[in-house]
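Subject: Handover of a structure

Hello,

I am passing this structure on to you. Please look it over first; my notes come after it.

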Amino acid sequence: MTNRFGKRVRFADRPRSIKEADAKETGPRFLGLPDRWYENPRWRCREGHVSIRYLKAEGIGDLCLACGEYVWLTFPEDKEEEE
Ligand SMILES: [Zn+2]
């Protein structure tokens, strides 16, 4: 799978903040991610945007509405950095 820039995106390419949060989760999991992340889902891209919405692009993947980069499911408390 690639994003709109033709780059291959993988689970292993998740932003570091997501990986670190994931490592601290001890509860039950579904499809490799903590159950509770699906209860109040939000997504983060590598540019640091965090949103409860994303663009579902058939055949391309899930894209950030702010910049078009690929997004990953992130932890419920994740917040976009303020300028
Ligand atoms: Zn973005």
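This is a predicted model: local features need pLDDT of at least 70, side-chain atom pairs count only at pLDDT 80 or more; totals for chains, interfaces and linings use all residues.

Residues are numbered from 1 along each chain, as its sequence is written.

The sheet

Three strands make up an open sheet in the order 4-3-7, with antiparallel pairing. Strands are DSSP runs of E with at least two residues, and helices are runs of H or I with at least four; both are numbered from the N terminus. Two strands count as paired if DSSP finds at least two bridges between them. Strand 4 and strand 7 are the edge strands, each pairing on one side only.

Strand 3 (residues 42-45) is joined to strand 7 (residues 71-74) by four bridges, and the two run antiparallel. Two bridges pair strand 3 with strand 4 (residues 50-51), also in the antiparallel sense. Trp43 is bridged to Ser51 in strand 4. In a regular strand the side chains alternate between the two faces of the sheet.

Strands 3 and 4 form a hairpin with four residues between them, and Gly48 in the turn has a positive phi of about 95 degrees.

The core

The largest nonpolar core has 10 residues: Trp37, Trp43, Cys45, Tyr54, Cys64, Tyr70, Val71, Trp72, Leu73 and Phe75. Strand 3 and strand 7 are the elements that give two or more residues to this core. The largest share, three residues, comes from strand 7. Such a core is a set of buried Ala, Val, Leu, Ile, Met, Phe, Trp, Tyr and Cys residues joined through C-beta atoms within 7 Å. A residue is buried with 20 or more other C-beta atoms within 10 Å of its own, exposed with 12 or fewer, and partly exposed in between; C-beta atoms are placed from the backbone.

The loop residue

Leu31 lies in the loop between strand 1 (29-30) and strand 2 (33-34). Leu31 has 7 C-beta neighbours inside 10 Å, so it counts as exposed. Its phi is positive, about 50 degrees, although Leu31 is not a glycine.

Regards
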